[in-house]
Amino acid sequence: MNEKPYLLAVDDELINRYVLEDLLEEHYEFSLLQSGQACLDAVQQRKPDLILLDIDMPGMDGFEVCYRLQNNPETCDIPVIFLTAKIEVADQKKGFEIGAVDYITKPFTEPLLLARIRTHLSLSRSKKLLANQNSELNKEHTYIEDILLNMRDDAQFVHENLQLLMTPLKRTNGDLVLSTRAPGGNRYLLIGDFTGHALPAALGGPLVSALFYTLAEQKVPLQQILQEINNQLQKKMPVELFMAALVMEWQVEENRILTWNCGMSELFHYRNGQLIDSVESSNMALGILKHSEPLPPSAILELQKDDRLFAYSDGVIEARSQDGEMFGKERLKKLLHALQLEGGSSLDFICEELNQFAGEQGLHDDVTLIDLKI
């Protein structure tokens with residue numbers, strides 16, 4: 001059998017406490033108290049499910065009691081119903097402003113009081129249940145995030161010649177950067193941007209990462225790796241989940257880079273601080289269509305020593321100011337130019353500019369930027 005809800009009824013008038021006792025005794029477990037301080041003391045001993053509170057009491061009035069309860073993290077979730085002879089609108093307004101859930105004027109009828117109590121007990125139980133469910137969901141969310149992060153981290157990631165800036169909105173995000181050295185000596189890189197952000201967008205990351213590193217280790221040509229990633233995303237991911245990608249094969253001996261741009265922002269090729277080339281998207285994002293043949297490269301870049309290649313997700317250029325203005329490509333180009341002329345060695349400079357541009361509202365998408373120095 002379920003336990004009866006426990007209530008506190010607080011009123012300095014003895015006759016009013018007798019009336020409340022008569023109304024409540026068949027339905028609830030309760031304690032009758034005659035002062036505001038007694039109420040605060042009783043709450044510390046046993047937390048009630050609801051409090052019926054008079055306003056006009058000597059010493060500490062009901063408004064002060066309610067205020068203290070609402071400003072204590074341990075008691076702020078206790079529903080408080082004012083039972084009072086004060087009928088002024090200003091008093092009712094004050095009662096709700098300081099956190100009461102209801103305001104009943106005296107004299108009241110038994111059906112009215114019991115109905116209001118039942119309603120607010122039910123709302124309070126629902127609120128606590130929802131809070132517990134959210135807490136469990138947050139625990140599961142964190143657990144899944146940890147799994148995804150561990151699955152995406154790979155000891156095969158090659159950092160050489162590569163600077164990386166990643167600013168996710170959540171712990172997990174829809175952007176990923178993969179880098180490895182193939183058995184033949186060539187360097188493989190993939191910069192991906194899944195639709196959306198947070199967990200849904202991060203789900204495809206482990207699949208892409210596993211295919212990329214495993215097939216590279218097996219000496220599969222990058223062009224075929226790209227095709228297999230596309231096919232697996234198309235087979236295993238929901239239709240609304242796909243990945244824009246910029247894929248690069250740095251042929252070290254020939255000192256050139258083959259690039260595949262599949263729905264990604266441009267790849268910028270700088271020499272001596274000047275933009276000499278860019279590679280725009282020439283293919284659809286991966287996972288949308290199944291390709292029967294390997295995709296041809298979008299471009300082949302001939303390299304010289306100290307050339308720098310910059311690739312970025314659309315979260316960079318789509319950052320918005322408080323006035324709604326987009327950061328845009330031209331601002332990014334100027335910053336990349338300044339970064340090189342001033343001998344800057346850190347992409348944190350770009351991150352600071354983006355955050356300053358976005359202002360208090362902050363960034364609204366995952367931000368990824370890489371700098372590959374030849």
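**Aromatic pairs and burial**

Tutor: The count comes to 6 aromatic pairs by the rule that ring centres of Phe, Tyr or Trp (its six-membered ring) lie within 6.5 Å. The model is predicted, so local features need pLDDT of at least 70 and side-chain atom pairs 80 or more, whereas totals for chains, interfaces and linings use all residues. Residues are numbered from 1 along each chain as its sequence is written, and side-chain values use heavy atoms, without hydrogens and water.

Student: Why is the pair of F212 and Y213 called edge-to-face?

Tutor: The ring centres are 5.2 Å apart and the planes stand at 85°. Planes under 30 degrees apart count as stacked, over 60 as edge-to-face and the rest as tilted, so F212 and Y213 are edge-to-face.

Student: Which parts of the chain does the pair of F327 and F357 link?

Tutor: F327 lies in the loop between α9 (314-317) and α10 (328-341), and F357 in helix α11 (residues 348-358), 30 residues apart. Helices here are DSSP runs (H or I, at least four residues).

Student: What makes C76 partly exposed, and what is C262?

Tutor: Buried means under 20% relative accessible area, exposed over 50%, and partly exposed in between (1.4 Å probe, protein chains only). C76 has 34%, and therefore counts as partly exposed; C262 has 0%, and is therefore buried.

Student: How many disulfides does the structure hold?

Tutor: The structure holds 0 disulfides, a disulfide being a pair of cysteine sulfur atoms within 2.5 Å.

How values were computed. Helices (H or I, at least four residues) and strands (E, at least two) are DSSP runs, numbered from the N terminus.
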